[in-house]
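Here is a short note for a colleague who is meeting this structure without having seen it before. Please keep the sequence and the coordinates open while reading.

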Amino acid sequence: MIKKLSVLSLLLAFVLIFTACSSGSGSGSSSKKAATKKVLRVVNDATYPPFESLDKGKMVGFDVDIMKALSKASGYKYKLVNVGWDPVFAELKSKTADMSISAISITADRAKTYDFSKPYFLSTNKILVAKSSTIKSAADLKGKTIAVQQGTTGQAAVEKIVGKNNPKVKKFKTINLAIMEMLNKGADAVVADNTVIEQYARNNPSKNLKVVEDKDAFEPEFYGIMYPKDSKLKPVFDKAIKKLYSDGTYVKIYKKWFKVAPDLDTLKAQQ
Amino acid sequence: MGVNPLDIIREYLPFFASGTLFTVGFSLAGIVFGTLLGLLVCFGKMINNKALSWPFICYITFFRGTPLYVQILIIHFGVVPAVFGQSNGILAGALALSLNEAAYIAEVFRAGIQSIDEGQTEAARSLGMSKLQAMRYIVLPQAVRRVLPPMGNEFISLIKDSSLIAAIAAPELTYWAQAMGAQYAIVWTPYLTISFIYLILTLTMSFLVNRLERRMATK
């Protein structure tokens, strides 16, 4: 009996520890006037450095800092939750989350089902290959095996060139798995947002990688905060984004993560 | 959104068809190689010599004690590239399933063999059979009949577990359902469709095992 009880209490302790951990992390900053506003559930897929990733269990990245700044500017409290890429869309569709900031490109297809904020980031798909690769443009991808992250615009861009659901396009749950597949020679190239693969190539010089650009094949994309359809939050955060542009916060965060200055004019032209 | 589920299913039908073939292929590979290897591991574990049986005990401990998902990742991104110089999702998937299945099959077989009364072996030995003959003609035939139901269970879970291979982009059923879900940002249509297909597969498997059981039953 005593043995059973001790096992039970041990189990209970575990449960308590876990719940304490999960509720303790990820909550953001706030301002005083926000006391009456509800705490927003903001979801992301924290496997996409430098935008959002886990560093020793803590969520870090460009989007994470932007969200913090947006919260300050708008007065909304929020809780950032890492749910994974597909669930981000599922949660917003079923309205179990209030918004998502997760390096999501604004596309006409997505805009049919969701609302987007004004753009807060400019990005282009590029090709990551081995230094010795003969791939010099998007057209060279034909006939090659290409690894992408499932459901991304990188996948869409590749499928536009080689055909939809082409068996030579390998779709992975995270961008890291896709890159690993290429390093293991299971794929010839990875197509993804430039900032992500450029950072990877820069941080891993020993892997002998290079990034190939093809401005004609891959159009520039804008990231937006994604909401459920007809969200009332959209105007609030659009205003907050504008404020980050004008008061220099945006440039500061951008430089912190990407080491260069942002193309603010192109972004402002989209507002 | 005005997308008709039937239209999307029709669009993905060829992919679900080839995905089903891959799922069946992975399961068959797991069943065949898993059973053969499992038998070997089972006999290895039952060797009356600690030094010789030790590696087999380790094998079972590892493959039963760690998640299949983790094993798949290790084999795809670690083992297969290290051995063959490049990754191969299909090979890694079949390998992971077989190795994992073998550990479970080994334990099922051991339980079956040890459930046969010691007296049977003793009687066979006293009739002049060798140890090997006693195992081959007396113990194993009875053990096989006893392990059929638990083996059937293992095979059914194997079919379901093969869905984890989607993680390494091997084009089986779940992989295509995820692709479909990601493309149209939908949940119900892809996953209910493949649930239905998995059900057909598992029901077929339990039907086959049932028939085998009936055929091998003693009157």
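The points below go through a few local features of what is a predicted model.

1. In chain A, the peptide bond that joins Pro49(A) and Pro50(A) is cis, with an omega of about 5°. Pro50(A) is placed in the loop that runs between strand E2 (47–48) and strand E3 (52–55) of chain A.

2. Ala103(A) belongs to the loop between strand E6 (99–100) and helix H4 (108–113) of chain A, and it is buried because 23 other C-beta atoms lie within 10 Å, where 20 or more are needed.

3. In chain B, Ala169(B) likewise is a residue other than glycine with a positive phi, here near 60°. The loop that holds Ala169(B) lies between helix H6 (131–161) and H7 of chain B, and Ala169(B) counts as buried because it has 27 C-beta neighbours inside 10 Å.

4. Helix H7 (residues 173–184) of chain B contains Tyr175(B), which is buried, with 25 other C-beta atoms within 10 Å.

5. As a check on distances, Tyr175(B) and Leu97(B) are separated by 78 residues in sequence, and their C-alpha atoms are 16 Å apart in space.

Definitions and conventions. Residues are numbered from 1 along each chain as its sequence is written. Chains are lettered from A and ligands numbered from 1 in the order in which they are written. This is a predicted model: local features need pLDDT of at least 70, side-chain atom pairs count only at pLDDT 80 or more; totals for chains, interfaces and linings use all residues. Helices (H or I, at least four residues) and strands (E, at least two) are DSSP runs, numbered from the N terminus. A residue is buried if 20 or more other C-beta atoms lie within 10 Å of its own, exposed if 12 or fewer, and partly exposed in between; C-beta atoms are placed from the backbone.
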